[in-house]
Amino acid sequence: MDIVLQQLVNGLTLGSVYGLIAIGYTMVYGIIGMINFAHGDVYMVSSYLTAIAIALLTFFGMESFPIIIFGTLIFTIVVTGAYGWVIERVAYRPLRNSSRLSVLISAIGMSLILQNYVQISQGARQQGVPTLLTGAIRFDVGDGFVQITYMKLFILFAAFLGMGVLTYIIQKTKLGRMCRATQQDRKMASILGINTDRIISSVFVIGAAMAALAGVLITLDYGAFDFYVGFIIGIKAFTAAVLGGIGSLPGAMLGGVILGLSEALFAGLISSDYKDVFSFSLLVIILIFRPSGLLGKPEVEKV
Amino acid sequence: MSKAVVRKTLISLAVASAAAVAQADVVIGVAGPHTGAYAAFGEQLWRGAEKAAMDINAKGGINGEMIKLVKADDACEPKQAVSIANRLVDSDEAVAVVGHFCSSSSIPASSIYEEAGVLMVTPASTNPTLTDRGLPNVFRVCGRDDQQGDVAASYIVGDLGAKKVAIIHDKDTYGKGLADAMKATMNAYGLEEVLYEGLTRGEKDFNALVTKIRSVDADVVYFGGLHSEAGPLVRQMREQGLTAKFISGDGIVSDEFVSVAGSPEYVDGVLMTFGADPTSYPAGKEVVEQFRSEGIEPEGYVMYSYTAMQVVASALGANDLDPVAASEWLHSNKVDTVMGTKQFDDKGDLLVSDYVMYEWDANGKYSMMDN
């Protein structure tokens, strides 16, 4: 019993982070119908920014956890958002009206550029950040116990807060309304006076900001990263986005949580060797019965 | 017409000078993960080999020929190892190679060196398959995983008296090979493992696996793999309140293990098997001091790499720079190195291996255990 509970906690924290990154994939797909393969590497960049921010803040003598965490979050989200904006500007906007394939190649190129640029500028070695928040709470369950570190609790809190704020922005604000309009019909939206290029830019910035939030949280929790960390987690988050229905915001969050939970439960209860096989089989099965994902809407062919 | 003559002369001059350069140097490749997640080990190999080459060149090179080192980066990926091995053999015209690091790279690359008649001495690849295939040109100056597994297993069963052992590996040639070697010896002692699982290289979240280790109540966790996965794994174990002893092999011998684990407190008490302190040999005292005076700590494989370069140089020197003859010569002759006198068997393994247990302390340093 305690083991199952612990696995649920493991899966939920991992899944909430997958969800945060999946948001970037799903929003970009929703609005311009492309898969931004450089998104995993945007996450990777935010890991490095986290380390830089922590180093700067401690250098200037700020040692308390709340100051460091908020300083790091603000710095990382702003700079990573800028990366998202530049990437869209440089790699995707010039190809706005070309075929989907060109944009896809451009995205893969962007991913390689980011990886190599970080590898050359920051070195190829494994990097680490010091542990900021230590300690854990422990519940006794039956004979065993469930142990949750404060960092894990903070991840859950921050991830769901991030998702909540984003849902509010998309559903209730003017910017969100313009995003939704552009997603539904870009031409019509621009006829109605929406600067769709600007909306697309802001979607990239929002996606990058969510990846940055995930990057800060994961980097603080695991403490280790290198220039290649974006790859595996990017693939997983993309899977989560497809699982939940690509293009759907709640779908990305749901997909992330389902993927995280299924990985943790399968690894914990059956075999960790085959957990990825299981996750992808789950994806295949869901796509067979619901081709557009759990919460996705079937694509209507526009004539 | 005169133009053509001039051009021809220029070309022949260029060819002649290129040939002269090629003749004057002995090209030796240093192959390993110079980039990527395991670049720290590539750096260790390069430092040792570079220093050895400089020292040998300062004493007049190999039979008067200067050693020229070529850095070959395999990123610890088998595919890249093969292409880099082809490059070393074809365009760099290397006669010998010090490397590779990862067994999964060394094994495919060794076939290419064999075909080309290039001498290969690895400072670090410990998987038994590498030499068990009987290639005449392959040597290692480190031990084998079955020897390493033996030492770990007898420590776990004998000294620790463990009852419940969980074995984790990274599904790679080295990691799984080491885990299997340890498992075989442990089973021969009559102790069955309570858990045998693989994890994915490159991931950082092992919480689900850690919870599973907790569920089987293991008192020892044996890990076959490298530090970049060992660090997060041991950290997440401690974070979930799992106090089981963590034991691994020579894949975690790097200061980076501490930074990847987050802080020295997590690596405190971690055990590993590694060759008896490579800096403790009397023959290497001077070299170790020179390293330290240059501000370089000869950790991990630095001295092994130095040794491998010495083996290459002695063998080539005694055989007129012919790598094929040198390979044959090495099977029956002793070489004096900074890590003592080395002697190889028919397969290219060391006759004597010297694995011992090391322990990491709360300052993030490792030292030999007195046993």
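How are α4(B) and α7(B) oriented to each other? I took that as my opening entry. I kept in mind that this is a predicted model.

**Entry 1: a helix pair in chain B**

I looked up α4, residues 103–116, and α7, residues 173–188, both in chain B. They pack at an angle of about 110°, and their axes are 7 Å apart. Angles of 65 to 115 degrees count as roughly perpendicular. Therefore α4(B) and α7(B) are roughly perpendicular to each other.

Next I wanted the residues that touch. From α4(B) I noted B:S103, B:S104 and B:I107. From α7(B) I noted B:T173, B:Y174 and B:G177. I then sorted this contact by class. It has four polar residues and two nonpolar ones, with no charged residues.

I stayed in chain B and turned to α14, residues 323–330. Which residues of α14(B) are buried? I found B:P323, B:A326, B:S327 and B:L330. I then looked down the helix axis. The buried residues of α14(B) fall within an arc of 100°, so they line one face of the helix.

I also checked what covers them. The cover includes three strands of chain B, β3 (96–98), β4 (119–122) and β5 (138–140). The helix α13 (302–318) of chain B is also part of that cover.

**Entry 2: chain B as a whole**

Chain B has 14 helices and 14 strands. Its C-alpha trace spans about 85 × 40 × 40 Å along the principal axes. I compared its radius of gyration with the globule rule. For 371 residues, a compact globule would be near 21 Å; chain B has 22 Å, which agrees.

Of those 371 residues, 55% count as buried. I also looked at contacts between residues at least 6 apart in sequence. In chain B, 72% of these join residues at least 24 apart.

**Entry 3: chain A as a whole**

I ran the same checks on chain A. I listed eleven helices and four strands there. The C-alpha trace of chain A spans about 65 × 50 × 35 Å along its principal axes. What radius of gyration does chain A have? I found 19 Å, and a compact globule of 303 residues would be near 19 Å, which agrees.

In chain A, 49% of the 303 residues count as buried. I took its contacts with a separation of 6 or more. Residues 24 or more positions apart account for 76% of them.

**Entry 4: a helix pair in chain A**

I picked α6 (residues 174–184) and α8 (residues 196–222) of chain A. Their packing angle is about 105°, with the axes 10 Å apart. I therefore noted α6(A) and α8(A) as roughly perpendicular to each other.

On the α6(A) side I wrote down A:L175, A:M178, A:C179 and A:T182. They meet A:T196, A:I199, A:S202 and A:V203 in α8(A). By class, this contact has five nonpolar and three polar residues, with no charged ones.

**Entry 5: where the chains meet**

How many residues does each chain give to the contact? I noted 31 residues from chain A and 32 residues from chain B. On the chain A side, α1 (2–32), β2 (136–141), β3 (144–149), α9 (229–244) and α10 (249–269) each supply at least two residues. The largest share of that side is five residues, and it comes from α1(A).

Definitions and conventions: Residues numbered from 1 in each chain as written. Chains lettered and ligands numbered in written order. Predicted model: local features only at pLDDT ≥ 70, side-chain atom pairs only at ≥ 80, totals over all residues. Contact = placed C-beta atoms within 7 Å. Rg over C-alpha atoms; globule rule 2.2 N^0.38 Å. Buried ≥ 20, exposed ≤ 12 C-beta atoms within 10 Å, placed from the backbone. Axes fitted to C-alpha atoms, helices over the stretch in contact; angles between N-to-C directions. Parallel < 35°, antiparallel > 145°, perpendicular 65-115°, else oblique. Nonpolar A, V, L, I, M, F, W, Y, C, P; charged D, E, K, R; others polar. Arc of directions from axis to C-beta.
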